[in-house]
Amino acid sequence: MEAHGRYFCQRTTRVLLETIGRRTGLDPGDHRLRLCLEMLVGVVHVALDDWSASDGPGLAELLGQIRTVCDAAPGSLTVTAVG
């Protein structure tokens with residue numbers, strides 16, 4: 001079962017990279033595409049965590065939460081350590 005899940009994730013990632021590559025004109029092997037995809041996956045994970053913790057969430061609330069987390073994503077790239 002674990003091998004099937006890994007295959008599904010790899011196949012889905014490859015299809016998404018090819019799709020994003022076509023739409024951006026970048027090669028699917030470009031690291032920027034993979035980083036973009038991984039950030040979007042992270043956004044969805046964070047949004048799902050927040051959404052599922054709320055009472056009686058609906059699809060509109062999930063989409064709103066995804067937008068909220070997307071808005072926070074650029075600022076996460078400039079987080080620096082202190083001390």
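Residues are classed by relative accessible area as buried under 20%, exposed over 50% and partly exposed in between, with a 1.4 Å probe and protein chains only. The structure is a predicted model, in which local features need pLDDT of at least 70 and side-chain atom pairs count only at pLDDT 80 or more, while totals for chains, interfaces and linings use all residues. Residues are numbered from 1 along each chain as its sequence is written, and side-chain values use heavy atoms, with hydrogens and water left out.

Cys9 is partly exposed, at a relative accessible area of 47%, and Cys70 is likewise partly exposed, at 32%. With a disulfide taken as a pair of cysteine sulfur atoms within 2.5 Å, the structure holds 0 disulfides. For Cys9, the closest cysteine sulfur is that of Cys36, which at 18 Å is too far for a bond; Cys70, also in no disulfide, has the sulfur of Cys36 as its nearest, 9.7 Å away.

The axes of helix α2 (residues 31–53) and helix α3 (residues 59–76) come within 8 Å and cross at roughly 130°, helices being DSSP runs of H or I with at least four residues, numbered from the N terminus, and axes being lines fitted to C-alpha atoms over the stretch in contact, with angles from 0 to 180 degrees between N-to-C directions. The two helices are therefore oblique to each other, a class left for angles that are not under 35 degrees (roughly parallel), over 145 (roughly antiparallel) or 65 to 115 (roughly perpendicular).
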